Amino acid sequence: MNIEKYLSVTPEIAEAVAAGKPVVALESTILSHGMPYPQNVEFAHKVEEIVRAEGAIPATTAIIGGKLKVGLTAEELEIMCKADGVGKVSRRDVAVYLATNQTGATTVATTMMIAAMAGIRFFATGGIGGVHRGAEKTMDISADLQELANTPVCVICAGAKSLLDLGLTLEYLETQGVPVLGLRTDELPAFYCRTSGFKLDYNCPDEETVAKIMKTKWDLGLKGGSVVGNPIPEEYALDHDEMEAVISKAIDEANEQHIHGKALTPFLLAHIKDMTNGVSFASNLQLAYNNARAASKIAVAYSRL
């Protein structure tokens with residue numbers, strides 16, 4: 001392996017990892033493909049501030065200039081947020097983007113992969129990808145799930161994106177041996193909604209419990225990561241039934257326009273935002289902030305162990 005040639009970690013993050021200090025990885029797809037400019041710049045700075053306020057160091061990832069970036073300069077962050085010619089990069093695309101010098105925003109799968117290469121164990125995101133509705137016909141299953149099965153990074157999220165088939169996503173994760181932990185919840189959160197109707201096996205009462213479970217898993221040499229479902233704060237949560245109606249309508253539109261693969265999730269999120277008059281976008285921001293807070297607390301607790 002020749003990772004050093006491609007991996008570019010800022011000195012602050014490299015020193016923190018070497019010293020066993022808490023570091024939290026952050027993705028860049030949410031910036032380049034999930035939000036308009038310049039709100040995404042504000043969002044990126046705020047997330048990093050939240051991580052630092054909890055005592056951890058933020059590590060936003062991206063692919064720029066033939067390098068896997070861990071930690072971005074102000075200029076690099078601006079490139080990701082302006083999103084001019086910035087692709088959406090999953091695991092299958094990484095070598096192509098590095099070899100051809102393209103700029104790419106990292107999805108959940110790629111952020112996990114880069115975080116693991118840099119020795120970072122915890123990652124905060126909005127919601128993981130999963131098994132799409134109708135996947136029994138289309139085989140549309142996010143690469144995030146395979147990454148969770150194989151890569152030792154704990155992903156703190158507001159569950160899976162509610163536009164997915166959440167039941168099948170949980171079944172897939174169980175088959176792959178990926179623990180799905182609830183943080184102060186008995187149910188898998190459904191992104192904009194606090195509940196999904198799908199019960200989880202483990203409700204962790206606090207961040208310290210999550211840290212202990214992760215330490216035990218990795219001490220045993222069990223491969224892969226885990227999902228920590230952290231519900232959106234109550235005041236920003238949307239009604240489950242109302243959101244189901246909106247999502248169904250957005251999926252119908254995607255089917256009519258033959259949109260699938262990489263383009264599907266951004267299309268659906270944009271349509272859901274329009275149909276909810278921007279309320280879903282405001283909720284999306286708040287759940288991401290909430291996950292950054294929780295991930296930082298877990299990383300801090302883990303570093304004490």
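Colleague: Let's start with S283. Where is S283 found?

Modeller: S283 is in helix 13, which covers residues 279-304. Keep in mind that this is a predicted model.

Colleague: Is S283 buried or exposed?

Modeller: Buried. Its relative accessibility is 3%, and buried means under 20%, so S283 counts as buried.

Colleague: And what does S283 touch?

Modeller: Y192, I232, Y236 and L238. That leaves out residues up to four places away in sequence.

Colleague: OK, switching to T110. Which helix has T110?

Modeller: Helix 6, residues 108-117.

Colleague: Buried or exposed, T110?

Modeller: T110 is buried, and its relative accessible area is 0%.

Colleague: Which residues is T110 in contact with?

Modeller: V89, S90, R91 and V94, leaving aside neighbours within four places in sequence.

Colleague: What about T110 and L68? How many Å separate their C-alpha atoms?

Modeller: The separation is 9.8 Å. Along the chain, T110 and L68 are 42 residues apart.

Colleague: Now strands. Which residues of strand 2 are buried?

Modeller: Strand 2 is residues 23-26. V23 and A25 are buried on one side. V24 and L26 are buried on the other. Both faces of strand 2 are covered, then.

Colleague: In what sense does strand 2 pair with strand 3, parallel or antiparallel?

Modeller: Parallel, over four bridges. Strand 3 is residues 57-64. A25 stands opposite A59 there.

Colleague: And how many bridges join strand 2 to strand 7?

Modeller: Three, and that pairing is in the parallel sense too. Strand 7 is residues 122-124. In this pairing L26 stands opposite A124.

Colleague: Last topic, helix packing. What numbers describe two packed helices?

Modeller: The angle between their axes and the distance between the axes.

Colleague: So what are they for helix 8 and helix 9?

Modeller: The angle is about 30°, and the axes are 10 Å apart. Helix 8 is residues 143-150, and helix 9 is residues 166-175.

Colleague: Why do we call helix 8 and helix 9 roughly parallel?

Modeller: Angles under 35 degrees count as roughly parallel. Theirs is about 30°, so helix 8 and helix 9 are roughly parallel to each other.

Colleague: Is the crossing left-handed or right-handed?

Modeller: Right-handed, as helix 8 passes helix 9.

Colleague: Which residues make the contact?

Modeller: From helix 8, L145, Q146 and L148. From helix 9, T169, Y172 and L173. By class, that contact has four nonpolar residues, two polar and no charged ones.

Key
Residues are numbered from 1 along each chain as its sequence is written. This is a predicted model: local features need pLDDT of at least 70, side-chain atom pairs count only at pLDDT 80 or more; totals for chains, interfaces and linings use all residues. Side-chain values use heavy atoms; hydrogens and water are left out. Axes are lines fitted to C-alpha atoms, for helices over the stretch in contact, and angles run from 0 to 180 degrees between N-to-C directions. Helices (H or I, at least four residues) and strands (E, at least two) are DSSP runs, numbered from the N terminus. Angles under 35 degrees count as roughly parallel, over 145 as roughly antiparallel, 65 to 115 as roughly perpendicular and the rest as oblique. A crossing is left-handed if the near helix is turned anticlockwise from the far one by less than a right angle, and right-handed if clockwise. Contact means heavy atoms within 4.5 Å. Ala, Val, Leu, Ile, Met, Phe, Trp, Tyr, Cys and Pro count as nonpolar, Asp, Glu, Lys and Arg as charged, and the others, Gly among them, as polar. Buried means under 20% relative accessible area, exposed over 50%, partly exposed in between (1.4 Å probe, protein chains only). Two strands pair if DSSP finds at least two bridges between them.
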